[in-house]
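Here's a quick briefing to read with the model open beside you. Start with the DNA, then work through the chains and a few helices and residues.

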There are 2 protein chains.
Amino acid sequence: MHRTAADLTFLRGYNEALVMALARTWRTFERGDVSEATGLTPQAVSKVLARLVEEGVIAPAGVRRPAIGKPAGVYELVPGSRYAIGAHVSRRTVRLVLTDLAGRVIQSAVSPLPPDFNPAQLLDRMAEMITDVHTRHDLAGKLTGIGIGMIGPLDHAAGTVRGAHRMRHWHDVPLAEFAEEVLGLPVLVDKDVTAGVTAEAWRRGPALRDAALIMVESGVGAGLWLGGATHRGSHTNAGEFGHTVVALDGPQCACGRHGCLEAVHDGAAEAGDIHRAAEVLGVGVVNLLQTLDLAHVVLAGADLLRHGKVYLDAVTEAIRTQVPRADWLTVEVTLTSLGEDVIAAGAAMQVLDARYGIPGLAPL
Amino acid sequence: MHRTAADLTFLRGYNEALVMALARTWRTFERGDVSEATGLTPQAVSKVLARLVEEGVIAPAGVRRPAIGKPAGVYELVPGSRYAIGAHVSRRTVRLVLTDLAGRVIQSAVSPLPPDFNPAQLLDRMAEMITDVHTRHDLAGKLTGIGIGMIGPLDHAAGTVRGAHRMRHWHDVPLAEFAEEVLGLPVLVDKDVTAGVTAEAWRRGPALRDAALIMVESGVGAGLWLGGATHRGSHTNAGEFGHTVVALDGPQCACGRHGCLEAVHDGAAEAGDIHRAAEVLGVGVVNLLQTLDLAHVVLAGADLLRHGKVYLDAVTEAIRTQVPRADWLTVEVTLTSLGEDVIAAGAAMQVLDARYGIPGLAPL
DNA sequence: CGACTTTAGCAACGCTGTTTCCTTAGGCAT
DNA sequence: ATGCCTAAGGAAACAGCGTTGCTAAAGTCG
């Protein structure tokens, strides 16, 4: 038996998460604000707020005195009440960040990994880094869990790494399970790009409905946020955006196909023609927009951010000229505000989101 | 004020819809089946079933006598308890179908439309066809509404057609509003491909989580079903799959870009090389799979179905050879089981889905 | 000082699914 | 025929949710 039906527990969790989402975007707010935004009666909001104050995630913060009438109680999010740690595992380094309930990055550190590292080596290094975090910050009882973002393919639901290209020790590794054992905290494993887009979504709040995080960093990928939630796909393998063909007669890609976006892009980049590389990425982004009708595109990844302005301009220009002209079709393109922390931070926020975000119901 | 919070009404609607979804896939079932599948207690299921029987959408259907013990009450869906009408508006014809609560097509008819027809002409023709449906079937009080599937761009939420290429009378037409006035029933307007994928999803049941309906019919489009729901995008304009670039140096497309999938595909098709056209579509489908990680691809559209086997084979082959080999990455490719009715039928099922499907909550 | 406005809170209420306990219906052994 | 066992159904009490209705508090304004 496997719960999919909605019950009162779900009801409560859903409405609490709704209030938390508002608290995160507003920081300080009143009962009436929540009531208006959610449609809950003021009375119901009082009850929800009381529960959240009891939990310690929000707190009363003075009163607002209106021109006339009784002063309104003001509440605020308590960012320091919960933390999560996120790790971004790439081929050569692991980046570890500490984020709080507001989605702010409190501490960030990078550490090299040995060539061809194995799971134990990674976890040892992470354990050291986490110890360091603990010495600098008092997280007693406030650490929600640990998120790990890395290249796929992997099985997010099972927490298993299926094995990336040129990583010998990473075939069918139950990483989440190992990590929970070693680190003693709940662990979520997800693709780097999906973690990244979660960071942007968590920080921007529920207004973000459909977005993609385009990442260029030893490969090209896209994390997808569709309909207000991550899109991982049937085998949690979505986002292999770099391996979409944009040039039928193009050069062969490592994946075997010809003219993959990644192959064409990297070809231009390696030839030193960053402008052409960015232009090609722009074509890919427009393809994504045509298919998915996104409202936000966030650019990220070490290789991209090294030439941030070039890419930003090229993608903006591609959208301006290649998407059919229409005033109602607005797309916002930005560079990630979290820089190279975005993947690790997103991995951390996935943990917070799992615990304090809007709950879903298991599929039938 | 605009309701986004969950309350008891939502709870009831959600659980009822869950039971309806099971009823639709199982047709006949017992209390225990529902209890096991949903996680609801048998008691709760009894209450839900009582409400649905009262509504007339399910009915008792005898008993099952177990080896020992009290006989279990058997229930069944009453397909004829609710109907919906769907219309597929193309450039030259309108196809109208009547579907029942089980998602079966009861009646189907096509009618030509005058060249460069306007909204009034369309609605007149639809009204005639709907009158004909009424003379053949007794739908008194059982007709839920009317769905219209047509080419975009359009605003699904507002029910407005923004104006398709080469259709002079269709700029910013509030079609849903007009139609509700003329036809006297609730009307939903959506893109043809999105309606189509709804038909497939509604018929297959909740097991279908991530799927695309690829449609080739005076253009190439893709209806997306992601995470168990339609994906329409921020401006309800998703699915312009035909206007994704697959050949950077390809021929110019009507949309202005170079090497769009549609341009390359149509070029091959017009040259009589259906195999090449299907091959190109296959590349596009693999692109979609790489990006979205879908489990099901359904092929549809008059132009495609004329050479159904050629396309089915080409797409299957493209997936077999171009998607990185992995036993866990399974994709099912089929031709639509509804043939040329799929769009109209899907439009009808969207109406049923809005009324009897799993309810969503409005975004914040 | 009283009327009015705005906000907050208490208590009762209606509805949800849950839990507990009992009844019903049939098969099977005695 | 009788008693026992098992599985399914049902009634009633229960707990928890948001809602409704009313009262109180805190301030301004005339």
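**The DNA-facing surfaces**

The surface near DNA strand D splits into 13 nonpolar, 9 polar and 7 charged residues. (Nonpolar takes in Ala, Val, Leu, Ile, Met, Phe, Trp, Tyr, Cys and Pro; charged is Asp, Glu, Lys and Arg; the others, Gly among them, go down as polar.) Bear in mind that this is a predicted model: local features need pLDDT of at least 70, side-chain atom pairs count only at pLDDT 80 or more, and totals for chains, interfaces and linings use all residues. Residues are numbered from 1 along each chain as its sequence is written, while chains are lettered from A and ligands numbered from 1 in the order in which they are written.

**Who sits by the DNA**

- DNA strand D has 29 residues around it, and the closest are Ala44(A), Lys70(A), Gly69(B), Lys70(B) and Gly73(B). Here, near means that a residue's C-beta atom, placed from the backbone, lies within 6 Å of the molecule or strand.
- Two or more residues of that strand D surface come from each of H1 and helix H3 (42-55) of chain A, and from each of helix H2 (31-38), helix H3 (42-55) and strand S3 (72-77) of chain B. Helices (H or I, at least four residues) and strands (E, at least two) are DSSP runs, numbered from the N terminus.
- The surface near DNA strand C is made up of 12 nonpolar, 9 polar and 8 charged residues.

**Where the two chains meet**

- Chain A puts 54 residues into the contact, and chain B puts in 54 residues. Two residues are in contact if their C-beta atoms, placed from the backbone, lie within 7 Å.
- On chain A's side, helix H1 (8-26), helix H2 (31-38), strand S12 (220-226), strand S13 (229-231) and helix H8 (274-292) each give at least two residues.
- The chain A side that touches chain B counts 29 nonpolar, 18 polar and 7 charged residues.

**Chain A overall**

- You'll find 11 helices and 15 strands in chain A.
- Chain A has a radius of gyration of 22 Å, close to the 21 Å from the globule rule for 364 residues, so it is as compact as a globular protein of that length. That radius is taken over C-alpha atoms, and the rule is 2.2 Å times the number of residues to the power 0.38.
- Along the principal axes, the C-alpha atoms of chain A fill a box of roughly 70 × 55 × 45 Å.
- Of chain A's 364 residues, 49% count as buried. A residue is buried if 20 or more other C-beta atoms lie within 10 Å of its own, exposed if 12 or fewer, and partly exposed in between, with C-beta atoms placed from the backbone.

**Helix pairs worth a look**

- H1(A) and H3(A) pack at about 80 degrees, with axes 10 Å apart. Axes are lines fitted to C-alpha atoms, for helices over the stretch in contact, and angles run from 0 to 180 degrees between N-to-C directions.
- H1(A) and H3(A) are therefore roughly perpendicular. (The cut-offs: under 35 degrees is roughly parallel, over 145 roughly antiparallel, 65 to 115 roughly perpendicular and the rest oblique.)
- Asn15(A), Glu16(A) and Val19(A) of H1(A) make that contact with Val48(A), Leu49(A), Arg51(A) and Leu52(A) of H3(A).
- In chain B, the axes of helix H6 (residues 192-204) and helix H11 (residues 342-356) come within 7 Å and cross at roughly 70 degrees, which makes H6(B) roughly perpendicular to H11(B).
- The contact of H6(B) with H11(B) has 9 nonpolar, 4 polar and 2 charged residues.

- Trp170(A) sits in the loop between strand S9 (160-161) and helix H5 (175-183) of chain A. Trp170(A) is buried, with 22 other C-beta atoms within 10 Å.
- Ala269(B) belongs to helix H7 (residues 261-270) of chain B. Ala269(B) counts as partly exposed, with 19 C-beta neighbours inside 10 Å.
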